[in-house]
Structures are given as C-alpha cells and as structure tokens.
Amino acid sequence: MLDPVAGGSVGAFPGSRALSIAPTDVDQEHNTLRAPLRPIASWELADHHFAFDSSFILPSMTEDLAELVMLVRANPESPLAIFGHADPTGDAGYNKLLSGRRATALFAVLTRRVDLWTQLFQNPMGRDDWKKDDLAGRLMRGVVEPGGTSPALTLFQRYMDAIAVDQDRAAFTVAPASFLGRGADPKGRGDFQGCGEFNPLRVFSIAEATTFRSPANKEARDEANAVNRRVTVFLFSRGTRIDLAAWPCPRAGEGIGRCQKRLWSDAGVRRANAARRREQPADRDTFACRFYDRLNEAVGHHQAIRQLTFRVLDEFGDLVVDTVVFLKVGEATLPAKVGGDGLATFRVPADATEAVLQIGRDQIDVDIAPLPPVTTVAGVQQRLFNLGFLAGAIDGAAGPRTREAIIAFQEEVNEDGVAIPVSGDPADPALQRELVRAHGS
Amino acid sequence: MADQHPIAPGDHLSRVAAQRGFRGYPPLWDDPANRALRAKHPNPHILAAGDVVTVPALEVREVDRATEQRHRFKVTVPELVVRLALRRWDGTPMESLPAEVLVDGRARPTMVGKGTLQLPIGPNDDRITMTVDGIEVTVRIGHIQPIDTVAGVRERLNNLGYDAGDRDDFQTLQFRSAVEEFQCDRGLPVDGKVGPATRAALARAHGC
C-alpha cells in the first residue's frame, strides 16, 4: 500500500459544533438542520496489487484485504463505498472507465459477484485485457468462453476465496447491503465508482511533465504516477443512508458527465502542471472533484497523521501476541493486528486527543499527548502507570506510592536478570534506563 | 425616554423586549426610530451583532381597583417557538426524532411532525441539546446572523450539512467548497462566490 493505513484513519466529529438558529412567531418560518455526510475512516489499495494497466487483482492483495475486513468488521454499521483512481495519462473518459473497472473488480471480490469479474474478463477495454495478463490469462485461457461457462465461474470463485481471507486465513465476504448504496442498484450506484484522473495524489511540475512527454521516459513517468493509481474505500458514519438519485457520482461504467458537474470552480488550475510538483496531503489542492475533496478532507487526510504504537502485555507482564486489538477514536473503531513482537500500531489524525484502547474485554482510556521525559518525576510516573505498576495520580510529586511502584518495578527487573539497585528513587539513572527499555519510549 | 440597545451575540428582539420589561417585541420593532433597522434586517429574531435597536419608553397604564382585595390582570404574551426541520443527508425527513429535547438542561415538551420538531420557548431560553440520528446536536437560539453577513452565510451552510467551518472568511478552502457544493446542489452557477442569488437560495433552503 502506498499509505500503509493499518486500519485506516479517522477524522474529527463535525456534529459537535453548536449550530445557530432563530426562534420565530411566524408560521412556516423554520431552521433546516441536515445531517452532514460523514466518512469516519478510509483504506487504500495501491497500484501494484493490480496487473499492469489492468483491473485484474493480484494475489498480493490478500494482506491488505485482511486489513479492510478487520476495519469493516470493527465498524459493522458503517456503510462503505469504493472509489477507483487512474493517473492522468491519456484520455479522461478512458481513465474514468479504467478506474471504474478496478473499483468494480474490488467490489466483486468483496461481495463474490463472480458475474462482474466475468463481465470484465469478457469485455476487455484497451490495455485492460485480462486475457493478455499472465496470471489471469493462464487462469482463464480456454476456460471462459463468451456466455460464461460454469467451470469459469468456479475458477473465479475459487480465486476470490483464495485471495479474500481474513487474518485467520478464513474466506470472508461483505454483504452488498453493507455498502452505501445498499447494493440496490445492479450497476453499483453509490457502492463503487471510478474517479478517473480527477483526483491525483501527485501533480507533476511543468519541468517533469515536459520530460515525461518524451516516449523514452514513459517508464519513469508511469513509475512516478503509480501513487495516483489506487482504489480507496471510505467508511461512513453509522447508519448513513443515501438516496441513489441524489448521489453525485456516476456509475463505474458511465462517462465523466456527472463528474464534471462536481468539479471545483478552479479545477483547471488544480489539474494544471505548476512550477513545482504538488502532492497530497501537503498541498491540499490536487483534487479536481470538489465532492471527493470534501470526503477526503472530512476523514482527516489533510492533517498530519500520527502513528501510535502500543506494546500489549497481559497481567503477568507477558506479551500478548497474534490477536487483534482496537482503538476507538471518535466514531471509528480502528483495528490493528498484534504481531509476534506484541506491537499494535494505529494511525490517527494529529488533532485526536483521546482514544479508548480495547484489548479483549478490557477498555483502557488513552490520552494522546506528549510523554513527559523520563528524567522528570511525571515521566517516571507515567511509564510506571502505563506498565501497570502505579495506580495513583501522575502528579509529578515523588510520594510514597510512587516510591513503592519504583521498588516493585526495580525488583521485577532484577528477577528478569538485569541487576539494578532497588532504590525507590525516581532520579536513579539505572531506573530511568530500564523504564525506557520496558516502555519502549 | 427612548434608549439605544446594541445587539450582542445571541440577542433577538423578543429577548431584548423581555429584558427591557416589554411583554413582546412589537412595541420596539414598530417604533418609527427602527425603520432603517427593519429595512436592513427584516426579521426581528435575526439581528446582527452591532445592530442598534431603539427601545421606546415603557407605556405606563394606571388601573383603579379597591384595596384589600385580590385582582387578576391578564397579559397576553406572544408565543415564541423554535421550529426545526430535521433532514438526513439525502434531504429526506429524519424518521427517528429525538426522544429527549433539553432546553438549557431541562426537558421540554415538544411537538413533532414528519421530520419537524416544534417547541415553545421563553425569550431567555438559549441552548437546546438533543440527539438526532445518533448525532448529538446543540443549537443556540437567536445566535444566527442575518443572511447579508458572512457569519449568516456560514451558519446556514453548517445547518444544511455543508460544513463551512468556524471561520468567517469566504476564502478558506472549507468555506469555499461548502458554497460551491451548495451552488451545485441547487443548480446555481458554481463560482464559489456569495452573490444575491446564492444568498436568497440559501435563506430559502434554510427556512429563514
């Protein structure tokens, strides 16, 4: 993945702002309060998981799909929608359809719509020809004939079951009703769509664009454009429902007409090459579609995203491994797999100040704030607290409870075979060194 | 003696009238000295911070009644309500209306229709909190500014779910995107600029 969103990322909660209204003594006069469309998390699939210039999904996608299914399972009431993206090389209409085909391919594998894969296979478009692809071709050569024979369906089904597995290697599916359009439209309106070339993460500088225009540099251009070719999934606020007629995006198989209505008034400037290279999230001006830009901004992608890493220990101080733990931030529940090293990593927006870490049935409130240095009493106390040695307040004062906690920690370090003085003194350098080691920071 | 009352944030004319001892806003609003204000901001419950209202002298009424007896005097106070049209993102009326509506922390009976909530309020009531479709919403009564102000545009866009942000600056990315998205939804020319047509459409869509 180009942006390894382990469990996605989350945005602020726009509903928390106080709204301003007017009272009235007149009939009919009112205040309309409309719920905003609120994406709460996102997940992204990088270009290299597709065959080159193709919508055929490669087996390398398995690990990332497992992350998506964790995210979907952790937020079961949050509907999802898929947005495919192409790079700006070539024709806008072609790019729209290619990105739509990739979105379709992902939707199909999640919902096991084998028929959609068969359609993609039987209706090649330009360079997106599954029959020419090594793996798809080898899988399918001589098996699928126009009309779709049952052996082909079985083969697609088996391939989907093989690549779409969760972290326990069990095949999973996502119900069409879990998507934003609830699977109501046979052609996927609101469920999956292609944004074409309108929303690149990177726009080349004029100099780069000039260089890349030379056929000799085609390979370098395609490489530099790889970040733009991606498929993004947004999860929306619990229970979000849309009226399909009001959904602004055209279907995956439709042209760019509806897209053009949603373009920013300055879309021309946004799409043009400028003196320097522009990139998301730093520049925030590379998306031409205003509607998509708003979704992206709402989920907090414009903010620097902070990484939080926890080492999870049980009550005996042993590492908890090979499980999934959750971090609740705002409305989203972010999952993270705890690896063999006992570490769980989450990516949260920089403005998040609190979260709840959920390990099994235990819930731990987490204040997201800089950790005081270990050379301060508060720094020693906070680390002892996180490691389960101190139950009292982190007040920066070295009282008897802090002293007891330090001694308990020092004794345990000695039991583990590292000889340090049992001093009970927060200023003790050996204590501070071992605390940083045990805490990981 | 007439008096000049500067409008503070949250002031609406019924509130000012109550504070000044009037039983309703019309004696203030209809005072000829407020003609220019009426022309500028025609809704007495949507005034801008900085507007100045002329408060006429209280009319004193003398009534003769016998002493050592109890007398009843009836004063009619105009009914003031808050009326909210609650909509889902796709514009359809919300099906689940809030179970509990608190006005300044106290539960208040409400009248509800299909997606509409109406409750009688007093002139000094300030804050309504409720949970709508799982979202906790707080509204401040009388805080909305007239549509000819930047804040008035931003507040109506926020109420309509366009999330124009917190800053009274048309040039912020968030504000401009909200304006353009609204223009697009309403079939107006999409230029990100707030002209008379956009203001009128916004006031109409909001309901005041």
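A: Chain A of this predicted model exposes about 19300 Å², of which carbon and sulfur atoms supply 52%. Such areas come from the Shrake-Rupley method with a 1.4 Å probe, and for residues only the protein chains shown count as cover. Residues are numbered from 1 along each chain as its sequence is written, while chains are lettered from A and ligands numbered from 1 in the order of writing. Local features need pLDDT of at least 70 and side-chain atom pairs pLDDT 80 or more, whereas totals for chains, interfaces and linings use all residues; side-chain values rest on heavy atoms, with hydrogens and water left out.

Chain A has 441 residues, and 52% of them count as buried (under 20% relative accessible area, with exposed over 50% and partly exposed in between; 1.4 Å probe, protein chains only). Along the principal axes, the C-alpha atoms of chain A fill a box of roughly 80 × 70 × 45 Å. Contact means heavy atoms within 4.5 Å; among the contacts of chain A between residues at least 6 apart in sequence, 66% join residues at least 24 apart. The domain assignment, automatic or from a database, divides chain A into domain 1 (39-298), domain 2 (305-367) and domain 3 (377-439). The centres of domain 2 and domain 3 of chain A, taken over C-alpha atoms, are separated by 23 Å.

The interior may now be considered. In soluble globular proteins, nonpolar side chains tend to be buried together. A nonpolar core is here a set of buried Ala, Val, Leu, Ile, Met, Phe, Trp, Tyr and Cys residues joined through side-chain atoms within 4.5 Å. The largest such core has 63 residues, and A:Ile82, A:Leu106, A:Val109, A:Leu110 and A:Trp117 have the most contacts inside it. Helix α2 (residues 92-111) of chain A provides the largest share of this core, 7 residues. Domain 1 (39-298) and domain 2 (305-367) of chain A each give the core at least three residues. A second, separate core of 26 residues brings in both chains, including A:Phe83, A:Leu180, A:Phe198 and B:Trp89.

What does A:Ile82 touch, apart from residues up to four places away in sequence? Among its contacts are A:Ala103, A:Leu106, A:Phe107 and A:Leu110, as well as A:Phe179, A:Phe192 and A:Val231. A:Thr104 is also found in helix α2 of chain A, and A:Thr104 counts as buried because its relative accessibility is 10%. Beyond its neighbours within four places in sequence, A:Thr104 is in contact with A:Leu116, A:Leu120, A:Phe192 and A:Ala252.

A:Asn75 sits in the loop between α1 (62-74) and β4 (80-85) of chain A. A:Asn75 counts as buried because its relative accessibility is 5%. Neighbours within four places aside, A:Asn75 contacts A:Ile40, A:Leu235, A:Glu331, A:Ala332 and A:Thr333.

A:Leu319, in the loop between β9 (305-311) and β10 (323-329) of chain A, counts as partly exposed because its relative accessibility is 41%. A:Leu319 forms a nonpolar surface patch with A:Leu313 and A:Val321, with about 210 Å² of accessible area together.

Helix α4 (residues 150-159) of chain B has 9 of its 10 residues buried, including B:Val153, B:Arg154 and B:Leu157. The buried residues of α4(B) pack against β1 (18-21) and β2 (31-34) of chain A, together with α5 (173-185) and α6 (196-206) of chain B. Just after α4(B), B:Gly161 takes a positive phi of about 80°.

Key. Helices (H or I, at least four residues) and strands (E, at least two) are DSSP runs, numbered from the N terminus. Patches are made of residues with over 30% relative accessible area and no salt bridge: like charges are joined within 9 Å, nonpolar side chains (Val, Leu, Ile, Met, Phe, Trp, Tyr) within 5 Å. A salt bridge is a side-chain nitrogen of Lys or Arg within 4 Å of a carboxyl oxygen of Asp or Glu.
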